[in-house]
Amino acid sequence: MRKVVFTLLLGIVSLTGFAQSDCDIALSVYFGNNGSGLTEQNKSYLRNVIRNAMLQSSGLSSLEDSQFGIIVNADVVDKHIIAGAPAKTVLSINMVFSLADIHDGKQFSSYTIDLNGVGNSQGIAFNNAIRKLKSQNKSLSDFTSKAKDKIIDYYNRNYFAIIKKAEAEASMRNYEEAIYRLMCIPVCCAGYDEAMSKVRIIYKQFVDRQCHENLAQAQAAWMSGYTSENAAVASIFLSEIYPDAACYEEAMDLVAEIKRHMGEEWNFEMKRWSDMMNVQAQQLKFAREIALAYAQNQPQTVIHPLLR
């Protein structure tokens, strides 16, 4: 594939990407910026087409920095001008959708469609061609449907290596990345239960370390002076402490101390369990939030050179 620069198209970024209730598969969408004429308007239109096709393929969702992506490339393969007043530009466009592992360069499948457009300029002709692609296109819908099966097969064959990689990241205190890797394993895959067991272990390591760090910052802010400003700074750090963290009770003592000084002026509550009967489910909910925050905070997806 010729060298292109990919631009991440942000899709629906929400916890649905990690919902796991119906075996959700997370995909990112990328566009090839190869000078062939894809404008931001074209990309917006194609984003909606792909999103709707994915929605029709039950169990696919869009997420930033997913390991898997649908890569869109559009090339003008023929152009000619029809004389007249005004002259008309006629374009033939070859559009390729590729399902690939963004990080290791492996391509699983592709779908190609040829589109034709006519307009008073090349830009209009290009736009008119793109608009002929609809989310109801059966071939595109079939492509996205098969994408789910191929990704599930990938996780079934590779979950053990993914878990080992997550353990290695956790050993280096890269807890957020470790949780992210594990949470990406779909519920319908062979390694899901084992992965969730590891998530709970690594999650606890993360919240304990984070608790001590945030509590120290909150204490330092408060001890610098018993003011509403310092109470507000302390609350920022305290709000990041999870209810099952090792120093949670100590953090609650600081909350109580601040309240004694600030009175009703300081209205702040720590994270709490909403239902003590379902703590494990809430732990996984918090773990999903950690994984999503990790994905959103990545500066740029690293794309394998073979896909450029």
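User: In this predicted model, which residue lies over the face of Y242?

Analyst: A charge counts as sitting over a ring only if NZ of Lys or CZ of Arg is within 6 Å of the ring centre. Over the face of Y242, a residue is found at 4.8 Å from the ring centre. That residue is K271.

User: How many aromatic pairs does a search of the whole structure find?

Analyst: Such a pair is described by the distance of the centres and the angle of the planes. Across the whole structure, the search gives a total of 13 aromatic pairs.

User: What is the pair of F68 and F108, stacked, edge-to-face or tilted?

Analyst: F68 belongs to strand β4 (residues 68–82) and F108 to strand β6 (residues 107–119), so this pair links distant parts of the chain, 40 residues apart. The ring centres of F68 and F108 are 5.8 Å apart. Their planes stand at 50°, and the pair is therefore tilted.

User: How many residues apart in sequence are the parts that the pair of F68 and Y155 ties together?

Analyst: The rings of F68 and Y155 have centres 5.7 Å apart and planes at 70°, so they form an edge-to-face pair. F68 lies in strand β4, whereas Y155 lies in helix α3 (residues 138–171). The parts tied together are therefore 87 residues apart.

User: Is Y155 buried or exposed?

Analyst: Buried means under 20% relative accessible area. Y155 has 4% relative accessibility, so Y155 counts as buried.

User: Which residues do ring pairs link into a cluster with F68?

Analyst: F68 pairs with F108 and with Y155. The cluster linked by ring pairs also includes Y154. Together with F68, its members are F108, Y154 and Y155.

Definitions and conventions:
Residues numbered from 1 in each chain as written. Predicted model: local features only at pLDDT ≥ 70, side-chain atom pairs only at ≥ 80, totals over all residues. Heavy atoms only, no water. Phe/Tyr/Trp six-rings, centres within 6.5 Å; stacked < 30°, edge-to-face > 60°. Helix = DSSP H or I, 4+ residues; strand = E, 2+ residues; numbered from the N terminus. Buried < 20%, exposed > 50% of the residue type's maximum accessible area, 1.4 Å probe, protein only. Lys NZ or Arg CZ within 6 Å of the ring centre and 35° of its normal.
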